[in-house]
Amino acid sequence: MSIADIILNRRTIHTFKKEKVPDTLIEEALRTSRWAPNHYLTEPWRFYLLGDQAKSAIIEENSALITCAKGEHVAAIKSRRWSAVPGWLVMTVLKSHDEKKQLEDYAACCCVAQNFMLYLWEQGVGVKWTTGEVVSTIEFAQTVGFDSDAERPVGLFWYGFPEQVGTQMRKPLEDSLQHVL
Ligand SMILES: Cc1cc2nc3c(=O)[nH]c(=O)nc-3n(C[C@H](O)[C@H](O)[C@H](O)COP(=O)(O)O)c2cc1C
């Protein structure tokens, strides 16, 4: 597959097969993905590969949030869906008091995230980048094990072998491109 094919064919995956993706493949994907542009070479990303205990704790935290907002029935459906996700990775970015640096560091992490998703797509592995409410909670930081004074989440990345690949559209390029003289 050419890089263009991988970019065009990658889709966010919402349902995964049960089979687990080996940690070694995820580590290799991260090792490569870090070769992303990052201003001043800050390498501001941190990765947390979650095990079953952390996954269960996050599912419970999310269930409590959903129960409050939408009731027990919806929470139970979400918990079942989340429990079926085989792979969980969290990426955080180091916090900075300098607004420009913070933006640039977040941008660098987003480059890593896209590299990660494209690398895995080529290997037949799908990813969903999520930033649901639970990801921003203090309980989430505690469960994952990062200091929320020093790092903030970029996302929770669910990954696995795709059960189904959906379709997506993009607006015509002309809607967003202007040639400037
Ligand atoms: C920063 C960020 C956060 C996202 N958070 C969520 C999310 O919480 N839930 C979700 O279903 N998709 C989430 N997505 C995935 C987008 O919905 C998805 O990329 C978009 O629908 C386009 O689909 P595609 O990735 O298949 O092209 C997120 C994407 C980004 C870049």
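**Close-up views of a predicted chain**

**View 1. Order of the elements.** From the N terminus onward, the elements follow the order α-α-β-α-α-β-α-β-α-β, where helices are DSSP runs of H or I with at least four residues and strands are DSSP runs of E with at least two, numbered from the N terminus. This is a predicted model, in which local features need pLDDT of at least 70 and side-chain atom pairs count only at pLDDT 80 or more, while totals for chains, interfaces and linings use all residues. Residues are numbered from 1 along each chain as its sequence is written.

**View 2. Helix 5 along its length.** Helix 5, residues 99-122, has 24 residues and reaches 35 Å from its first C-alpha to its last, close to the 34 Å expected at 1.5 Å a residue, a span calculated as 1.5 Å times one less than the number of residues. Just after helix 5, Gly124 takes a positive phi of about 85 degrees.

**View 3. Buried residues of helix 5.** Among the buried residues of this helix are Asp105, Ala108, Cys109, Val112 and Phe116; a residue is buried if 20 or more other C-beta atoms, placed from the backbone, lie within 10 Å of its own. The cover over the buried residues of helix 5 includes helix 1 (3-9), helix 2 (23-33) and strand 3 (126-130), through contacts in which C-beta atoms, placed from the backbone, lie within 7 Å.

View 4. Around the ligand are Arg11, Thr12, Trp129, Thr130, Thr131, Gly132, Gly155 and Gln168, each with its C-beta atom, placed from the backbone, within 6 Å of the ligand.

Notes
Buried ≥ 20, exposed ≤ 12 C-beta atoms within 10 Å, placed from the backbone. Contact = placed C-beta atoms within 7 Å.
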